[in-house]
Structures are given as structure tokens and as C-alpha cells.
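I opened my notebook to look up a few places in this structure. Here is what I wrote down, entry by entry.

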Amino acid sequence: MKIGFIGAGNMVRAIVRGAVAAGLEANEIYLTDKSGKSAPALAGEVGAHALADNRELAQTADIIVLGVKPHAVADVLKEITPEISDGTKLVISLAAGKNLASLQQATESNVPIVRVMPNVNAAIGESMTGIARGSAASSKHVEMTKKIMVSVGRCLVIDEAHFPIFSALAGCSPAWMYQIVDDFARAGVNHGLTKQQAVAIVAQAMLGSAQMILDEAAADGATPANLIDRVTSPGGTTIAGLLAAQQSGLSTVLGLAVDAAVARDGELG
């Protein structure tokens with residue numbers, strides 16, 4: 001199965017590296033980019049093929065991944081439409097803000113299209129990626145997409161209507177997590193730790209807690225609330241800190257952050 005990537009920016013580099021590390025044959029990967037520099041560099045790094053022309057890539061590949069900027073997607077689709085209009089090739093779009101209807105319209109044909117939304121953690125193989133399929137895409141096309149995207153983390157197939165909330169919870173939240181770690185670390189500095197020590201402590205605690213949630217949910221359906229109950233002893237420090245945070249509006253603030261991101265997504269769309 002030949003896979004072509006149009007564009008060779010950060011996300012494409014993460015996916016290609018992850019896919020090759022996961023066992024995808026580098027010889028089956030084809031790359032192009034507008035500058036003619038990034039694609040050859042990435043191809044040379046992993047042993048893939050760099051091509052100079054998007055139409056040649058579309059002719060060659062069975063799956064075409066659009067990794068260009070959102071404003072360039074329509075033009076690229078129109079460029080390659082003659083090569084994909086028979087509906088035998090799958091198009092996967094990474095473009096934020098470009099819905100399936102607009103992508104389908106740009107091809108002027110019944111091309112199978114799947115839209116994916118990875119997050120910044122794809123760079124370390126820990127993305128949470130949303131997948132939505134267009135009307136011409138089948139369950140097989142979704143499985144083909146998942147096979148590529150699981151190389152950089154976890155995937156969830158959702159209705160495209162839920163992409164705004166997915167974007168808030170998976171796309172925006174890493175920045176909020178960074179802020180939370182930094183705020184905790186500053187509190188640690190206030191109590192005598194160095195910033196480096198405090199960041200390391202909090203980041204590792206967050207990493208372990210996230211893994212515990214995923215592991216316990218998979219094992220017996222435990223929720224974060226169940227895990228909170230396990231670590232809060234009567235009259236202890238954990239419950240004291242948790243209640244103080246809630247009384248100061250922690251739950252409300254986090255909910256408002258999500259609401260604001262979803263609302264902004266609607267404005268931009």
C-alpha cells in the first residue's frame with residue numbers, strides 16, 4: 001500500500017517517522033512539499049521517496065495525506081482531482097478547520113475522504129487523534145486511516161459534528177496542561193524547590209496519573225472520580241487541597257476554558 005504525503009511540515013514529519021518506526025515500509029512512502037526542500041530532507045532521513053510534483057504523487061500513491069496549510073487545501077485538491085476522481089484512492093486531510101463538505105466540494109467528485117485531527121503530542125508518539133469519515137468513505141477507509149495514525153498515538157472515530165469539542169479537549173488542552181504544570185511548579189518554588197525540580201516532579205506526576213486513568217479504565221472501567229477516592233484519605237492533605245481548589249472554582253474554570261475554545265472554534269469556522 002503506497003502512501004503519499006503532500007506537505008512535509010511538523011505533523012507530517014511526526015507521522016512519517018512514527019509510521020516507519022511502527023513497521024511501515026519506507027519504500028512505500030512518497031513525499032512532496034512546496035519548497036522542494038523539506039520533503040527530500042525527510043525522505044532522505046527515513047528512506048522514502050521525494051517527488052517534485054503533486055500529480056505524480058497522486059498517480060503513484062493509494063492513499064494521499066494532505067499535510068498542507070488549510071488555505072492551500074482546496075488548490076491542492078483541484079490540482080490532483082484528475083488523478084483521484086475515479087474514487088479508487090483514499091484522501092486523508094490533516095487540515096484544521098476544513099470540514100468534509102468543503103473537502104468533497106473541492107474535488108468535484110465522489111472521492112473517499114477521511115478527516116483527521118491529531119494533536120501536538122504526535123511529535124512524541126502520544127497524540128490523541130480524532131477521525132471522521134466522509135460520505136464516500138467506507139469502514140475499510142477508516143481502518144486504513146487508523147493504521148497510519150496509531151503510529152503516533154491513540155485514535156478515536158467520532159462524528160464530525162463533535163470535532164469542535166474534540167479540538168478543545170485534545171487540541172487545546174496540551175497548552176492548558178502546560179499551564180497547570182507551570183502553576184504547580186511555581187507553588188513548589190514558593191516552598192523552596194528549584195523550578196527545574198518542581199517541573200520534573202509535577203510533569204512526572206501528571207504523566208503517571210494519565211497512564212493510571214487509561215490503564216484502570218481499560219482494566220475495570222474505573223473513572224477519574226474512582227481514582228480520586230482511592231488517594232484521598234479522611235482528614236488528609238489530598239482532600240484538603242482538593243476541596244480548597246474546588247472552592248476556588250477549579251471545576252468551573254476548566255469547564256469555562258472548554259466552553260470558550262468551542263465557541264471560538266465556531267467563530268473561526
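**Entry on T81.** I looked up which backbone oxygen the side chain of T81 reaches. The side chain of T81 comes to 3.4 Å from the backbone oxygen of T107. I am working with a predicted model, so I read this as a feature of the prediction. T81 sits in helix α4. Is T81 buried or exposed? Its relative accessibility is 13%, and buried means under 20%, so T81 counts as buried. I then checked contacts, leaving aside neighbours within four places in sequence. T81 is in contact with A106, T107 and S109.

I went to the UniProt record next. An unreviewed entry there lists N54 under "binding site". I found N54 in helix α3, which spans residues 54-60. N54 has a relative accessible area of 14%, so it is buried. Which residues does N54 touch, not counting those up to four places away in sequence? I noted I6, T32, V76, E79 and I80.

**Entry on A61.** I moved along to the loop between α3 and β4 (63-66), where A61 lies. A61 counts as buried because its relative accessibility is 0%. Beyond residues up to four places away in sequence, A61 touches K2, I3, G4 and K89. I also checked A61 against I148, 87 residues apart along the chain. Their C-alpha atoms are separated by 14 Å.

**Entry on the second largest pocket.** I looked up the space in this pocket and got about 1300 Å³. Its lining has 42 residues. V68, K69, P70, A95 and A96 lie nearest the centre. I sorted the lining by type: 19 residues are nonpolar, 16 polar and seven charged. Which elements supply at least two residues each? I listed α1 (10-21), α4 (70-84), β6 (113-117), α7 (163-190) and α11 (250-268). α7 gives the most, with five residues. Helix α4 was already in my notes, as the place of T81.

The unreviewed entry annotates residues 160-268 as "domain: Pyrroline-5-carboxylate reductase dimerisation". How much of this stretch is helix, and how much strand? I recorded 84% helix and 0% strand. The end C-alpha atoms of the stretch are 16 Å apart.

Key. Residues numbered from 1 in each chain as written. Predicted model: local features only at pLDDT ≥ 70, side-chain atom pairs only at ≥ 80, totals over all residues. Heavy atoms only, no water. UniProt positions renumbered as here; feature names shortened; annotations may be inferred. Helix = DSSP H or I, 4+ residues; strand = E, 2+ residues; numbered from the N terminus. Buried < 20%, exposed > 50% of the residue type's maximum accessible area, 1.4 Å probe, protein only. Contact = heavy atoms within 4.5 Å. 1 Å grid on protein atoms, 1.4 Å probe; cavity = no way out; pocket = protein on both sides within 12 Å on 5 of 7 lines; lining within 4 Å. Points joined across faces, edges and corners; volume = space filled by probe spheres on them. Nonpolar A, V, L, I, M, F, W, Y, C, P; charged D, E, K, R; others polar. Polar contact = N/O pair within 3.5 Å; in protein donor to acceptor, adjacent residues only side chain to side chain.
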